[in-house]
Amino acid sequence: MSIVTFDRAEHPGLPRSSELLFGAKQVKRLTFEQIAKHIGRNEVATAAIFYGQAKASEEDISNLSSFLSIPHQELADLLGGFPDRGRSVPIPPKDPLIYRIFEIVQNYGYAYKAVLNEKFGDGIMSGICFSTRVDKETDTDGNTWAIITLRGKWWVPAQQWCGN
């Protein structure tokens, strides 16, 4: 079983909570899928908590504390603030996998925008009222495919932000 660990040199901008959470994850040899099942979140949302990119609820903190054997108050103190989204990855990204996701947006962003505008009208897909998941598929030829689903609430600017 492969697990993702944490290296402060690779991620100097991440919060102190990341080092604590990843350290406990590594000691227990747990995957994000295993942790997510225990705390009742999906694995991407769980990983986002570890990277300081998502807000942990009090229930998340309690569940993570007990499952990872981290003192509750220490974890609550570190996760009690607001996430600082977007600092963990330089632009353009250096990591090849993150770069390829970035490249998808660069190459297909306007195509996505055009199709979304045709289907929904003027607006944007929220990255806050948002969920995502990662699935794995193997085709009949034995090729492995990554499936990333992005699900965001559709916001219509004139109705949502301007009070009109």
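Leaving aside neighbours within four places in sequence, Ser-126 is in contact (heavy atoms within 4.5 Å) with Gly-152, Lys-153 and Trp-155. Ser-126 sits in strand β1, residues 124-138. Strands are DSSP runs of E with at least two residues, and helices are runs of H or I with at least four, numbered from the N terminus. At 6% relative accessibility, Ser-126 is buried. Buried means under 20% relative accessible area, exposed over 50%, and partly exposed in between, with a 1.4 Å probe and protein chains only. A polar atom of the Ser-126 side chain lies 2.9 Å from the backbone nitrogen of Ile-128.

This is a predicted model, where local features need pLDDT of at least 70, side-chain atom pairs count only at pLDDT 80 or more, and totals for chains, interfaces and linings use all residues. Residues are numbered from 1 along each chain as its sequence is written, and side-chain values use heavy atoms, leaving out hydrogens and water.

An unreviewed UniProt entry lists Arg-100, Glu-103 and Ser-126 under "active site"; such annotations may be inferred rather than shown by experiment. Arg-100 belongs to helix α6, residues 96-120. Its relative accessible area is 47%, so Arg-100 is partly exposed.

Now turn to a helix pair. The axes of α2 (residues 32-39) and α3 (residues 43-50) come within 8 Å and cross at roughly 100 degrees. Axes are lines fitted to C-alpha atoms over the stretch in contact, and angles run from 0 to 180 degrees between N-to-C directions. The two helices, α2 and α3, are therefore roughly perpendicular, a term for angles of 65 to 115 degrees. From α2, Phe-32, Glu-33, Ile-35, Ala-36 and Ile-39 meet Glu-43, Thr-46, Ala-47 and Phe-50 of α3.

Notes:
Angles under 35 degrees count as roughly parallel, over 145 as roughly antiparallel, 65 to 115 as roughly perpendicular and the rest as oblique. A polar contact is a pair of N or O atoms within 3.5 Å; within protein, one must be able to donate a hydrogen and the other to accept it, and residues adjacent in sequence count only if both atoms are side-chain atoms.
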